[in-house]
There are 4 protein chains.
Amino acid sequence: MDDVTLNILERPELKNPVLIEGLPGIGLVGKLAADHLKDEIKATKFAEITSPYLPPQVNIKDDGTVVPVTMDFYWYKGKQDLIILLGDFQGVTPDSQYRLSEKILDLAKDMGVNRIYTLGGLGTGSITEEPRVFGAATSKGLVTELDGKKIIFKGGGAIFGASGLLLGLSMKKGLDAVCLMGETHGQIIDAKSAEAVLELLTDILGMKVDMGELEKKAKQTQEQINQMSKIITNYKQAAERQQEMLDENPFYIR
Amino acid sequence: MDDVTLNILERPELKNPVLIEGLPGIGLVGKLAADHLKDEIKATKFAEITSPYLPPQVNIKDDGTVVPVTMDFYWYKGKQDLIILLGDFQGVTPDSQYRLSEKILDLAKDMGVNRIYTLGGLGTGSITEEPRVFGAATSKGLVTELDGKKIIFKGGGAIFGASGLLLGLSMKKGLDAVCLMGETHGQIIDAKSAEAVLELLTDILGMKVDMGELEKKAKQTQEQINQMSKIITNYKQAAERQQEMLDENPFYIR
Amino acid sequence: MDDVTLNILERPELKNPVLIEGLPGIGLVGKLAADHLKDEIKATKFAEITSPYLPPQVNIKDDGTVVPVTMDFYWYKGKQDLIILLGDFQGVTPDSQYRLSEKILDLAKDMGVNRIYTLGGLGTGSITEEPRVFGAATSKGLVTELDGKKIIFKGGGAIFGASGLLLGLSMKKGLDAVCLMGETHGQIIDAKSAEAVLELLTDILGMKVDMGELEKKAKQTQEQINQMSKIITNYKQAAERQQEMLDENPFYIR
Amino acid sequence: MDDVTLNILERPELKNPVLIEGLPGIGLVGKLAADHLKDEIKATKFAEITSPYLPPQVNIKDDGTVVPVTMDFYWYKGKQDLIILLGDFQGVTPDSQYRLSEKILDLAKDMGVNRIYTLGGLGTGSITEEPRVFGAATSKGLVTELDGKKIIFKGGGAIFGASGLLLGLSMKKGLDAVCLMGETHGQIIDAKSAEAVLELLTDILGMKVDMGELEKKAKQTQEQINQMSKIITNYKQAAERQQEMLDENPFYIR
C-alpha cells in the first residue's frame, strides 16, 4: 500500500490553472471559503488522495452509504481556470503533512499550475466586526504584486500544516504561492472571516462570487456541532471506560 | 520483518463465503457477537495475522503457555459459507489500521469473498431494554437490499477502525460491505446489544443461533474485568514509579 | 541507516548456549538479576545492538567519556554456556519492540541457541518477605519439564515488552522460551525478587551464584535514584518552560 | 520524498574544519552561543537540511515572505576553519533525531571534519553568577587534551538530542567529539551561560570573539517571548476548541 495514493477520475484541459487550498484549520476559515467558492462556481471533482495518514474512518452519508476519508480536487474553467483542494482532515502526523503536501504539488505541477493560494485563519482570541486579511508569500515579487489589494503583509509568526508547507515546498519546485489568512477569534466557525478571505481571493482572481449562502452554511455547521457536543462527551466517557475494559491484564510484566 | 504477515494454516474450500468482522470496539458488541457465532457454529481457525502494529505482548493461557497477539480467521461451511475475523486488539496506530485492513481484504478477495459484514457498537450513553441495530453500507443497492430487515439506516456520524475502514477500502476493491452497529451504553460489556446484532446478522444469512450462552459469556467477562480493576490500578502506579526510576538522568542536556 | 544494527565484536565458540534476557522492567527485577549474574560469572561482551528505536541520548561515564545507548550481549563458557542480553532501555515504540526482538532472536539462532529464559517482575502492589517466582513458557512440554522447580505456572495476564515478545516470536522460529517473573511491589527496586528469580534460574541451569552483592547493588541504585529525584524535578520544570520558550509563534495558522 | 535531504548550495574549500553544533536546547545556551559566533565571524551559509522530521510549518519573515524549516550549515575560513550547524528545531520524533544526526555526520566527514564541538546547557534549577562549563567527550584522550581549560568533566547524567547523539554516532565513525554544557537555570534564555560556553570554545579554538551583543540578543529574545505569551495562550485555547469543532462525530464505532 502506497503511503499517499492519487486517483485521477478525469483529466480536465485547463489553461494555466491556479490551485486554491481550503483544508480545515483555525475557525474553519479556509475550508469555509474554499467550500463556498466550489459550490458557487459549481466546480467538478476530478481527483482524490487516499492515505493511511488520514484518519482511519469512514463517514456516513444521509442515505446510509459511507464515504472514505479523502482529499479532493475540483476543476473550474472560466476567465481564470481553477483547481480547488478540499477535505475534512489534514495529515495525522507531522511527517505525513510533508508527504501529503508533496503529492498535492506533484499533481499541481502535472496540471500546469504556476500559482497557488492557500487559505487559512489567523487566531487572535478576539472577535472583530471587519476581519482583516493577512498574507505571506514565497517571494518578494509576489508581495509587491499584491500591493494595493486589501491584504496586510506583516512579519513574524508561522504557518502550520498544508497552508504553510505548500508555500515552503513550492519554493523548492519553482512555484509561486501565497497564503491568505483571515483574522478570526479561533473558537467559532467564522463565516465573516471566510467572507473576507474569499472577497480578497476573488478580487485577485478577477471573479465575483455571491456570499449570501456563506453565513447560512457557517451557522448550520455551528448548530450541528452544538448538537453533537453531548454525544461526543458520551462517547469520550465510553471510550475511556472501554480502554480500561480492554486492558485485560491482571499483571503486566516486562 | 514484514509489517503485516499473514500465515495460512489450511486452505478451506469455501463457496462464495461471507466475511464477518468482530474485532473489539465500543461495548465489545461486535467482538461478543462474532465470538459467540464462532463458538456456536464451531468454526475452525485457518489463518492468522501477526504484525508489529499489534501490541508488543503475549497473553498467558491457563496451562502456563503463552499466545502471541494475532488476528484470527475462522471458516465455516453451511447453507452460507462463512469466514469470521476475530482478535483481542486492533492496530495501535492510525496508519496501521489501514495496513491491517488492506491485508484482511487481500485474504478475503483471495478466498472468493464478495460480501462483508462488520459488527460494532454505537455508543449512546444510555441503557436501552431493546437495543436497535443501525447500519451503513458501501452502496445504495445494499441499503435497499436490507430494507425490511430490523436495521436502521440513518446518516451522520463516522465509523472508526476496522469496522469502518473495511467498508471504505472495500469500495475501492469492488466488494460489498455492510456495518451493523448495535445501540449500546458504551461503558458496559453489552450482551443484549451483541444479541441484537447477531439476531440481525443470522436473519440476513438465513441461519439460526442459540443465544443462551451469550449473556453468560458477557457476565463472565464483566466479572473478570471487575476483579482485574484493583490489580490494574496497582500496576499503573507501579509503571509510573518505574518510569521515574528509569529516568536515571541527574541532568538533561540537548 | 538500518533500523536495527547488530555489531558483532567477537565470535565466541559456544556449545548449545542458553540466552538469558535481562532488560529493564517492573522493579528492575530482571535487569538486576541478569546484571548480577553477568558480574558474578564475569561474562564478556561480544555484540551490541544500536538503533534509532532506542532513546536519542548518550550517557556520561565517570571519566567524562560518553557511551551510546545499546543492547549488549555477553558470553560465558561453563558447564552450561550462556549468552546474556543486557541494556538500560527497551524500544521506544510498540513496533520497535517487535523489530528489536526479531534481531535478538536472529543472533540467538545464529549462535546456536535453542533455549531462552527471559527475566522480569510481576507487580502486585504489596511487599512480600519471600517473593514467589511465576512462569510462562512457549510449550506445555516446557511447563512439565520445570515441574518440581520453585516456579508457579498460573494462567491469566500478559507479558509486555521483550520478556513477552521473545517468547511469542520464539514460537514461530521453533525455539523454546520461558519467562521467569519475580513477585514484586512495583514501586521499589527489588533485590529480593531479583534474588528469587536468579536462585531459580541458576537452579535450572545447574549453577551456583553468590547473592551477597545483589542487595548492595540494589540499595546503591535506589540511593542514586533518590538523590536524582530533586534534580529530575528541576529538569522537568525547565523542560516545560523550555517548550514554551521555543513556541516562538505569535500566531498559528493552518 | 527522502527522509532527510541535504542541499549543498556551495562547496567551500576548508582545511581540517571543526564542526560546531548549536541547535536549540535548555536555556537556548548552545543556540545563542553558536548563533552569536556565526554573526561575529560573519560565517556564510553553504548547505541546508530539509526533512519531514522537522515541524510541518513555515516561518514568516519581516518582508512577508516565508522560510521553510531547515537546519543550516555555515562555513568560516580563518586560523581554524569552521563549519557551524544552526537551526530553530531538532527532530520531532526520537528516531528522527538519529536520522538527522547521521546526515549531519555524513556531511561533516565529506567536508574533512575530524573534530566536533556540540554546545548545550545543563539545567540546574538555580541561577549562578558565574556559570561553569561541563564537558563530555568521545575518548579519554580528548578529556586529557582539554585538561587545563576551564571545563569540568564529571560523570553521571545523559546528553539528549543532537548534542548527545552527534557524540555517540561520532564514536562509530572514528570522529572526535566534545559536548560543552553551560550551567543554566533552565527556565530563562541564558546569555551568561552562552557566553561562558563561547569563551571556552573560542579559547580552545584559539579565537577571540566580542561578547557585547550576546546579552542584548538574549534580552531581545526574552522580550519577544514575553510579548508572545498572551498570543500563544490565545492560540492554545483556540486550537483546543478547534479540535472539538472538527470532531464531527455524532457517534463513534469500531
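This is a predicted model: local features need pLDDT of at least 70, side-chain atom pairs count only at pLDDT 80 or more; totals for chains, interfaces and linings use all residues.

Modeller: A residue counts as buried when its relative accessible area is under 20%. By that criterion, strand β9 (residues 133–137) of chain A is largely enclosed by the rest of the structure, because five of its five residues are buried.

Two neighbours pair with β9(A). With β12(A) the pairing is antiparallel and extends over five bridges; in it, A:V133 stands opposite A:G182. With β10(A) the pairing is parallel, over two bridges, and there A:G135 stands opposite A:F153.

These strands belong to an open sheet of nine strands in chain A, with mixed pairing and the order β1-β3-β6-β7-β2-β8-β12-β9-β10. Its edges are formed by β1 and β10 (152–153) of chain A, each of which pairs on one side only. Strands of a sheet pair through backbone hydrogen bonds, either parallel or antiparallel.

Strand β1 (residues 5–8) of chain A pairs with β3(A) in the antiparallel sense over four bridges, and A:L6 stands opposite A:I49 of β3(A). Strand β3 (residues 44–50) of chain A is itself mostly covered, with five of its seven residues buried. Five bridges then join β3(A) to strand β6 (residues 71–76) of chain A, and these two strands run antiparallel; the bridge partner of A:A47 in β6(A) is A:F73. Next, β6(A) pairs with strand β7 (residues 82–87) of chain A, again in the antiparallel sense, over six bridges. In that pairing, A:W75 has A:I83 of β7(A) as its bridge partner.

Two helices of chain A lie against these strands. Helix α1 (residues 29–40) of chain A lies across β2 (18–22), β6, β7, β8 (115–123) and β12 (176–184), and runs at about 130° to β7(A). Helix α2 (residues 94–110) of chain A also packs on the sheet, where it touches β1, β2, β3, β6, β7 and β8; its direction makes about 145° with that of β3(A).

For the chain as a whole, there are six helices and 13 strands in chain A. Of its 254 residues, 61% count as buried. Among contacts in chain A between residues at least 6 apart in sequence, 78% join residues at least 24 apart.

D:G135 is found in strand β9 (residues 133–137) of chain D and counts as buried because its relative accessibility is 1%. Leaving aside neighbours within four places in sequence, D:G135 is in contact with C:G64 as well as with D:I151, D:I152, D:F153, D:K154, D:C179 and D:M181. D:G135 and D:P17 are 118 residues apart in sequence, and their C-alpha atoms are 21 Å apart in space.

Most residues other than glycine have a negative phi, and most peptide bonds are trans. B:L28 is buried, with a relative accessible area of 4%, and D:L28 is buried with a value of 4%.

Helix α1 of chain B, finally, takes part in a helix–helix packing. Helix α1 (residues 29–40) and helix α5 (residues 191–205) of chain B pack at an angle of about 55°, with their axes 8 Å apart. The two are therefore oblique to each other, and their crossing is right-handed. On the α1(B) side, B:V29, B:L32, B:A33, B:H36 and B:L37 meet B:A191, B:S193, B:A194, B:V197, B:L198, B:L201 and B:T202 in α5(B). By class, this contact has nine nonpolar, three polar and no charged residues.

Terms used: Residues are numbered from 1 along each chain as its sequence is written. Chains are lettered from A and ligands numbered from 1 in the order in which they are written. Side-chain values use heavy atoms; hydrogens and water are left out. Axes are lines fitted to C-alpha atoms, for helices over the stretch in contact, and angles run from 0 to 180 degrees between N-to-C directions. Angles under 35 degrees count as roughly parallel, over 145 as roughly antiparallel, 65 to 115 as roughly perpendicular and the rest as oblique. A crossing is left-handed if the near helix is turned anticlockwise from the far one by less than a right angle, and right-handed if clockwise. Contact means heavy atoms within 4.5 Å. Ala, Val, Leu, Ile, Met, Phe, Trp, Tyr, Cys and Pro count as nonpolar, Asp, Glu, Lys and Arg as charged, and the others, Gly among them, as polar. Buried means under 20% relative accessible area, exposed over 50%, partly exposed in between (1.4 Å probe, protein chains only). Two strands pair if DSSP finds at least two bridges between them.
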